[in-house]
Amino acid sequence: PDAASKPHLGSALFAASSGLLFGYDLGLVQGAIHSIREHLELSNAMIDVVVAAAKIGAVFGPFMAGYLMSKLGRRAALVGGAFFFFLGPIVMAMSQVEAKGLDMLVGRFLVGLGIGQCSVVVPAYLGETTPASCRGFVVELYEVSLVFGMILSSAVDYLLSGIPSDWRYMVGVPAIPGFLLMIGPWFLPESPRWLVAQNREKEALEVLHKIRHAPGSVVDDRSTPEVENELLEIWSDVKRVEASEEEVSRKNTARFSSRSLAGGASAASGSTRAEDEGQVNEIEPTTSGEGSGSSVKGIEIEHANGDLREENVGCWAQCK
């Protein structure tokens, strides 16, 4: 394959390392849980909660990832996920008996946040920086590394078992690759799609020129035709998505305003009808002569009520 179809080396390595750490953090608790139960004197119920804490954190992680990806960029979201991979193991390794498992629970929850974030950010970043011809290979590299990380965690737990406070090493070892993973994204290029969404097309062109291994350098905002065409495709797709989102937002706003106006018209109609009916009820005939006049007045009021009802029905139809 030509140079433009080859994956960016940094992105491929990051895919492998992040998948490896992802899988390692998923599998490490299996070998450490018995030692954790014994040394921290945890009940069976607390052990279940500690194990489940990572899954609970993984539920909230994608929401944090989505916010960071849209506001700060893909690299910042990668750093955020790696930060939890670094902080969570440290909190777990420093757990004390006096905390009754709460510190271990917090550490597992932080690891779960990292798992949830990376499960969203890493595939998105790889998809936006890798050429279409080898995108499947890089994403599969991430998936295979994840499975290998789970196997590696079991092997490491086996090698560390038997030493004093072995569980602290088991849960604390991932902090080292987590720290390296937290630094790595700053040496990677930003996603060109996110740069285009931020109206930074010049930077996006430079990034595409670099990760597509285009010859030479960008001069006067000019690159190779292949790179410029890819930038145009990204720009068109981003604008299409933005226009679609604006259209959905406009329709929702119009629908909400229509319902609000209809509700106001209905309330006004009911209020007017109640006032008119009250006026009719106030007419009480006292004598035969007065009764005749009252009947005439009653007919006039009912006539007016009919006009008001017709007017309100017309307003309701217009609001709908």
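**Close-up 1. Arg250 and Glu247 share helix 10, three residues apart, about one turn of the helix.** Helices here are DSSP runs of H or I with at least four residues, numbered from the N terminus. The side chains of Arg250 and Glu247 meet in a salt bridge, at 2.6 Å from N to O; the term stands for a side-chain nitrogen of Lys or Arg within 4 Å of a carboxyl oxygen of Asp or Glu. Arg250 is partly exposed at 49% relative accessible area, and Glu247 is partly exposed at 32%. Buried means under 20%, exposed over 50%, and partly exposed in between (1.4 Å probe, protein chains only). This is a predicted model, in which local features need pLDDT of at least 70 and side-chain atom pairs count only at pLDDT 80 or more. Residues are numbered from 1 along each chain, and side-chain values use heavy atoms, leaving out hydrogens and water.

**Close-up 2. Asp237 and Arg193 form a salt bridge (2.6 Å, N to O).** Asp237 lies in helix 10 (residues 225-281) and Arg193 in helix 8 (residues 192-197), so their pairing ties together parts 44 residues apart in sequence. Have a look at Arg240 too: Arg193, Asp237 and Arg240 are linked in a network of salt bridges.

**Close-up 3. Ile176, Phe179, Leu180, Ile183, Trp186 and Phe187 make a nonpolar surface patch of about 690 Å².** Such a patch joins nonpolar side chains (Val, Leu, Ile, Met, Phe, Trp, Tyr) within 5 Å, from residues with over 30% relative accessible area and no salt bridge; like charges are joined within 9 Å. Areas come from the Shrake-Rupley method with a 1.4 Å probe. Ile176 sits in helix 7 (residues 175-183) and counts as exposed at 59% relative accessibility.

Note on methods: Helix = DSSP H or I, 4+ residues; strand = E, 2+ residues; numbered from the N terminus.
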